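Subject: Structure handover and notes

Hello,

Please find the structure below, handed over for your own work. My notes on it follow.

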Amino acid sequence: MSLAQLHYTSAPPGPDGSGFRFTAVSPGVPATLLREAEQFIGYEPPRDLPDRPDAEQLKSFPKAFSCTELADGGRMLCRSVYTGADYSGRWGNFHAHAVHLPPGTRLPDGALPITVWESPRWADTTPPGGRPEPVDRIEPSRLLRRDGLVAFARSRADRLAAFFADLRTLADGSDTRQIVLVERDSGDVAQWIALACTVLPREQAHRLTFTTYTRRPQQARQQIVGALPSSEPVAHDQRFRVHDCTGRAAGEPVADAWAEVCARIWTAGRPELFRDTARDLGDTADDVGRLAVAALAEGIALPPAARAAAARRATQRTAELPGPTLTALLGELARATGEDGGNGQDRRDAQDGGDGQDGRNGQDGRDAQDGADEPAALAGLLARLDGQVPTAVSAPLAARVLTLAVRGRGPVPALGAGSLTPQVRAALAGDLAPALRHTLADAAEPPTGRPLALLHLADLLDVDCTDLLPEFAGRVARELVSGREPGNGREPGAEAPGGAALLDAVHGHPALRTALFGALDALAAAQPAVVAGRLAGSGLPVDLDPGFPHLRMCVLGGAAGPAGGDRRARLRAVLHTAGVSPHAVPAVLHTAFRLVWPDEPPTGEEASLLLNELGSDAHRLAGTRDLLVAAALAAPAEDAAAPLLAADLLRCFTEELAPAHRAPLLLLEFAALLGTDGEGENWVERVRALRDGAVEPVPEQVTRRVYDALARRLLTVPVPESELYALARSGDTALLAAYERAARSATVAERLRTAPSYAAARFCDWSAYQDTHPGWEATRTTLLAKVLRPVVRALPAEDQAAVEEALRDTGRGRLDAYRAWNRPGALGRLAGRLTGRGRREDGRSRWPGDVQPPAGGGAR
């Protein structure tokens, strides 16, 4: 396949004009391609180089070699060089030689574009006759050789990781900002691009666009843009990520493990590892483990984050790793890195440079943070290999994992006696015994995690910790209970905190078990719902030792029946798991009560039955009296048993109730008495006096219940006029609201429609006591207009007559007032003011129709 070529420079006049133009173009190249290419093949010389260079000085001008994506998806490779003066003697000429790669094609032999940097095929002048010679391949220049790239990478070691990190996000599209490389020589930019194409997967390397030089980076359209220090600066432009290699490196930490691995491989001089592990196998940036495994197996030291990735990769693909590779990898992973805080080899590594890499590419301390999951990854690999490879092969890794665990940097592995050789076990026991005992005794250490699991290691290494168990058990109990609140989403039967390590410990250490169960039993009595939320279904072997009734209920109560349904039956079932009678140990009743009703009190009916079944003495001794009180006070309005429960509580605990509870209970009791023979007199004043005399604010649900009950009673027949007057005079906003709410109910509406005498009584009530209080005035006028008037207007004639007959019997002009009120038109809207039933008299003679006399006693 012959490659289409373009030549562009300043040329003398010809058929296509003069000045800058295409001077040679392969046959068949469309005009649209020429117009597009003309936008990016230009060249501006650096500002700081001579305006009129001689032949020797021309060699120092940068070369702009670019790979640019075209609108049709193809690529254009172009080399533009400064040539000095043009045919007319005018300075500023350049020559561009370009090759077109149509969509879907590549250079012959699949060569990457950067490999033809400074190839002999590139021309500095237009071919004779203005017709390019056919070219089917472009030979590499051999300027970008392996040894030269390794030397260049080592010279830029402090900048490699940051560049590769930006390259990864650029290549995968997660950050499309262009990368600007500032170097003093465009050839160095070409080497950066060669490094980039080596680390990227082959397909991404072919798609990478770049230019080795431009004077105006902000106008470049390529992904990687080369610039000189004299080029226009873009450091503050958010569209670019600038790597200025002419000054000091920024030294900022790089959190990209893949970038770190790539940098280490290049500085180690092993770029062939990229070819063996990355080419055409996927996105290396997302498979750092594959590259890290290859690097570690070759003895290249890596930071902890990359070591963790290698360990995870080996865990997943153990069967795919050749034996020598796996052995070499384990040997490198088992090597201490100077970050364990231990001694022995750890201290030697620290003395060698503090980075655990024998002084190679020294770290700045950030790897410990970036690779915080390395211990977990090593533990996972050990668990995968334990028993699958010879102990002699895995024992060094096991020793490292155990050391990290005891030193506080990793999970504790579940190893058996066969996981360590005798020599390794003896060495670890002597080295780790002080740290093991210190961790178990450290009050600041959360005991249910690593320290609890370290008990198993103490047994494995024959380290005696018996004297530490009692105090340690108390900390374990507190940690188990305080770690997570109830309702944490853990299903019954799910593994409790501490998990297998906790169960192993309580089975294997009787002294620890007894102390732990005693501490947990005390906590269960104090916080039963919390303890049950943490330990229900945990599998704690509470049957191994007698006693501990509160703990038994918390652990076994979950199996005593479903949480819903008959909760009194569940209470009995939970009490049964305690193993003791509540009459012998009254406190278990309180624990069981809080387990069955952990978040809300029982209903009024449940509490009333519990009080009657068990008797007041049982609740008094168990301390559940206030829980019953709370059930009464928190009962919703639809709980009809709450007032009766309140009466029982007042009767059973006459002298023991808290002052704050007495008034609300009395209000609840009175709500049940309204409408019965025991209601007495002065209802409104009695309710208000109890409410206002309470030591603490009465619960809202109690107040609303008694107000609603009182309002319903005031809307029945007959109602003492004194009670209605007390309501009107009180101006109590909440009570008046309850009265209006009840008057607007469907029950009242039905009675108004079906009982004329009831409608007459309500007219009398709602037209009485005018101007007694603004609140009553607003309430009664609203009820007349919005409740009574629509009903009365819809009554049939016979019911209308019955209403008037009932009003006639009341006397004092109420019938006239009703007719005036019920008359259509303006007079009817105003006539509600004409009646004054219930008005307080001043001792003077009454006027006909019970109309209030004029102020001052004058004549009407």
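Predicted model: local features only at pLDDT ≥ 70, side-chain atom pairs only at ≥ 80, totals over all residues.

Arginine 79 sits in strand β4, which covers residues 75-85. Is arginine 79 buried or exposed? Its relative accessibility is 6%, and because the cut-off for buried is under 20%, arginine 79 counts as buried. Beyond its neighbours within four places in sequence, arginine 79 is in contact with Lys63, Ala64 and Phe65, with His95, Ala96 and His97, and with Glu118, Trp122, Ala123 and Asp124.

One of those contacts, alanine 96, also turns up in the strand pairing: alanine 96 in β5 is the bridge partner of tyrosine 8. Strands β1 (residues 4-14) and β5 (residues 91-101) run antiparallel and are joined by five bridges.

Now the sheet as a whole. It is open and has nine strands, in the order β2-β1-β5-β4-β3-β7-β8-β6-β9, with mixed pairing. Its edge strands are β2 (17-25) and β9 (240-244), each of which pairs on one side only.

Next, β6 (178-182). Five of its five residues are buried, so that β6 is mostly covered. The cover is on both faces: Gln178, Val180 and Val182 are buried on one side, and Ile179 and Leu181 on the other. β6 runs parallel to β9, with five bridges between them, and valine 180 stands opposite valine 242 of β9. β6 also runs parallel to β8, here with four bridges, and isoleucine 179 stands opposite isoleucine 224 of β8.

Two helices lie across this part of the sheet. Helix α4 (residues 157-172) lies across β6, β8 (224-227) and β9, at about 160 degrees to β9. Helix α5 (residues 186-199) lies across β6, β7 (210-211) and β8, at about 160 degrees to β8.

Threonine 209 is in the loop between α6 (202-207) and β7. At 5% relative accessibility, threonine 209 counts as buried. A polar atom of the threonine 209 side chain lies 2.8 Å from the backbone nitrogen of glutamine 223. Threonine 209 and glutamine 223 are 14 residues apart in sequence, with their C-alpha atoms 5.2 Å apart in space. Not counting residues up to four places away in sequence, threonine 209 touches Cys67, Thr68, Glu69, Arg75, Gln222, Gln223 and Ile224. Ile224 is the residue that stands opposite isoleucine 179.

The last item is a helix pair. How do the axes of α35 and α37 cross? The axes of α35 (residues 774-793) and α37 (residues 814-822) come within 11 Å and cross at roughly 90 degrees. Angles of 65 to 115 degrees count as roughly perpendicular, and α35 and α37 are therefore roughly perpendicular to each other. On the α35 side the contact is made by Leu784, Leu788, Arg789, Val792 and Arg793, and on the α37 side by Tyr818, Trp821 and Asn822. By class, the residues of this contact divide into five nonpolar, one polar and two charged.

Regards

Conventions
Residues numbered from 1 in each chain as written. Heavy atoms only, no water. Buried < 20%, exposed > 50% of the residue type's maximum accessible area, 1.4 Å probe, protein only. Contact = heavy atoms within 4.5 Å. Pairing = 2+ DSSP bridges. Axes fitted to C-alpha atoms, helices over the stretch in contact; angles between N-to-C directions. Parallel < 35°, antiparallel > 145°, perpendicular 65-115°, else oblique. Nonpolar A, V, L, I, M, F, W, Y, C, P; charged D, E, K, R; others polar. Polar contact = N/O pair within 3.5 Å; in protein donor to acceptor, adjacent residues only side chain to side chain.
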